[in-house]
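Thanks for making time this morning.

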Amino acid sequence: MLKLLHAIPIIGWCLRDLQTGGESAFTFFLVNCGLLWILSAVLFGYPGIIIPALCAVPVMFVLLILLTRGRYEVG
């Protein structure tokens, strides 16, 4: 599955750099994700803002559940 993600041109390059890059790779990855979100808002308008935010809701729910269980620490 990971090789399939690495085969996608722009996303694969960012993911590969995130895995093998240095200390600043995570920061660059977050900046690239933000820029892709802005680009989708410019190209698609309001749905380009709302749809990624709605897709992030289940991820945040799982994160909050894991944090409140007490097994994982932030930081």
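This is a predicted model: local features need pLDDT of at least 70, side-chain atom pairs count only at pLDDT 80 or more; totals for chains, interfaces and linings use all residues.

Leu5 counts as partly exposed because its relative accessibility is 32%, where buried means under 20% relative accessible area, exposed over 50%, and partly exposed in between, with a 1.4 Å probe and protein chains only. Leu5 lies in helix H1, and helices here are DSSP runs of H or I with at least four residues, strands being runs of E with at least two, numbered from the N terminus. Leaving aside neighbours within four places in sequence, Leu5 is in contact with Ile11, Gly12 and Leu15, contact meaning heavy atoms within 4.5 Å. For Leu5 and Leu15, which are ten residues apart along the chain, the C-alpha separation is 8.0 Å.

Residues are numbered from 1 along each chain as its sequence is written, and side-chain values use heavy atoms, with hydrogens and water left out.

As for confidence, pLDDT is the predictor's confidence in each residue, from 0 to 100, and the chain has a mean of 84, with 93% of its residues at 70 or more. Confidence is lowest in helix H1, residues 2-7, at a mean of 77, and highest in helix H4, residues 46-69, at 90.

Staying with helix H1, Lys3 also lies there, and Lys3 is exposed, because its relative accessible area is 76%. Lys3 is 13 residues from Arg16 in sequence, and their C-alpha atoms are 9.8 Å apart in space.

Is Ser40 buried or exposed? Ser40, which has its place in helix H3, counts as buried because its relative accessibility is 15%. Its side chain reaches the backbone oxygen of Gly48 at 3.0 Å, and, not counting residues up to four places away in sequence, Ser40 touches Gly45 and Gly48.

Now to the pocket. Which residues line the largest pocket? They are Ile11, Cys14, Leu15, Phe29, Asn32, Cys33 and Leu36. A pocket, on a 1 Å grid over the protein atoms alone, is an open set of points where a 1.4 Å probe fits, with protein on both sides within 12 Å along at least five of seven lines, and lining residues have an atom within 4 Å of a point. The elements giving two or more residues to this lining are helix H2 (9-20) and helix H3 (25-44), and H3 supplies the largest share, four residues. About 170 Å³ of space lies in the largest pocket.

Finally, Leu63, in helix H4, is partly exposed, with a relative accessible area of 41%.

Terms used:
Grid points are joined across faces, edges and corners, and a volume is the space filled by probe spheres set on the points. A polar contact is a pair of N or O atoms within 3.5 Å; within protein, one must be able to donate a hydrogen and the other to accept it, and residues adjacent in sequence count only if both atoms are side-chain atoms.
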